[in-house]
Amino acid sequence: FPDSSPDWNFDWEDDTDIVILQLDSETYNFELVLDFFIENSYPFPITIELDSEIGESESDPNWELDHDTQISAEANSNETHQIKISGSGKMCQTEGCGFWSANNNFLTQLYFTATLNIAEQQQSEKEITKKLQPSPIFGFDVSFEPLIQGKGPLVKSGTTEMVDVIVGITGNKKDSISKIDMSFRSCPQMNFNSENSKLKEGIVVGESSTNDTNSVRGSIELSAPSQHPDKDCKFIVVVTSEGNGRSYTGEMEFSVENPGGLIEDDSESESGDNSSTDIVNSDSLPTLSWHITAIVLLFSAFIRRELN
């Protein structure tokens with residue numbers, strides 16, 4: 001025969017093992033509401049004391065747990081109640097901001113304890129738990145090194161310079177580069193070589209949860225042809241995330257210098273053509289003088305013959 005002795009029960013309304021904290025993509029804030037029930041099969045009311053805590057996690061979360069601390073359960077009742085968890089998946093300290101990684105199977109656990117009191121005497125205790133995992137947020141940041149006063153290295157005409165492109169994740173989960181494009185603005189004659197860099201499609205960024213490995217770095221060779229004029233340029237890198245499909249752009253300003261001054265602008269070229277034309281016109285004067293001299297000699301000879 002089944003045991004029909006009166007008792008009480010305390011559990012979640014659903015049997016989901018891991019609950020996802022839906023983080024706001026801008027603020028990383030979240031709010032989660034979980035339903036639980038208290039069942040009382042005793043023929044008299046009971047009082048349940050409730051206590052909760054968040055277990056150990058990668059960082060000490062500053063979260064709020066909101067629920068009733070004491071519930072009176074009527075005789076032969078089964079009622080649903082709620083616990084609300086709110087906070088942020090981002091923690092900022094003096095050395096910078098960190099994120100709760102979504103790479104792990106779960107972030108931490110919620111421990112929820114209920115204690116039965118009858119006539120102000122503790123009778124029994126039950127505990128339920130939930131594993132908590134943050135929702136994934138994807139994003140890339142593109143930066144450059146070295147930079148001096150916010151600008152990249154000076155490239156002289158006919159030479160090359162190396163620049164490091166760093167692609168880091170700004171989210172809380174590793175991501176892969178689905179597409180990467182590099183180009184120049186204002187300087188179409190410039191060339192780059194990225195064959196020996198790690199910056200290729202398919203590479204994974206953020207394999208580890210530690211900040212120093214949440215980026216990949218690749219050395220890019222920038223080259224200016226020997227006839228490149230003095231010019232302010234921009235090197236542009238666009239990286240597309242596999243996780244969210246968005247593109248993220250980084251720009252580096254740099255200058256090209258032609259130390260020999262071999263390249264002239266259009267106005268200088270026109271000035272040179274005009275001087276050349278003047279020289280040609282001055283060279284035509286001797287030809288004109290020869291014709292005049294010949295005419296004078298013929299005229300003189302004609303006059304002498306008439307006089308004779």
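This is a predicted model: local features need pLDDT of at least 70, side-chain atom pairs count only at pLDDT 80 or more; totals for chains, interfaces and linings use all residues.
I started at K156, whose bridge partner in β20 is E257.

Next I asked how β13 and β20 are joined. Two bridges link β13 to β20, which covers residues 247–257, and the two strands run parallel. As a reminder to myself, strands of a sheet pair through backbone hydrogen bonds, either parallel or antiparallel.

Then I looked up the sheet these strands belong to. I found an open sheet of five strands, ordered β13-β20-β19-β15-β17. The pairing in that sheet is mixed. Which strands sit at the edges? They are β13 and β17 (204–205), and each of them pairs on one side only.

P146 is placed in the loop between β12 (140–145) and β13 (155–156).

N76 has one, at about 50 degrees, although N76 is not a glycine. Where is N76? I located N76 in the loop between β6 (70–73) and β7 (77–88). Buried or exposed? N76 counts as exposed, because its relative accessibility is 59% and the cut-off for exposed is over 50%.

S186 was my other stop for phi. The value for S186 is near 75 degrees, again positive in a residue other than glycine. S186 lies in the loop between β15 (175–185) and β16 (191–193); β15 is also one of the strands in the five-stranded sheet above. I put the relative accessible area of S186 down as 48%, so S186 goes in as partly exposed.

I count two helices and 20 strands in the protein chain. How much of the chain is buried? Of its 308 residues, 34% are buried. For contacts, I took those with a separation of 6 or more, and 73% of them are between residues 24 or more positions apart.

Methods. Residues are numbered from 1 along each chain as its sequence is written. Side-chain values use heavy atoms; hydrogens and water are left out. Helices (H or I, at least four residues) and strands (E, at least two) are DSSP runs, numbered from the N terminus. Buried means under 20% relative accessible area, exposed over 50%, partly exposed in between (1.4 Å probe, protein chains only). Two strands pair if DSSP finds at least two bridges between them. Contact means heavy atoms within 4.5 Å.
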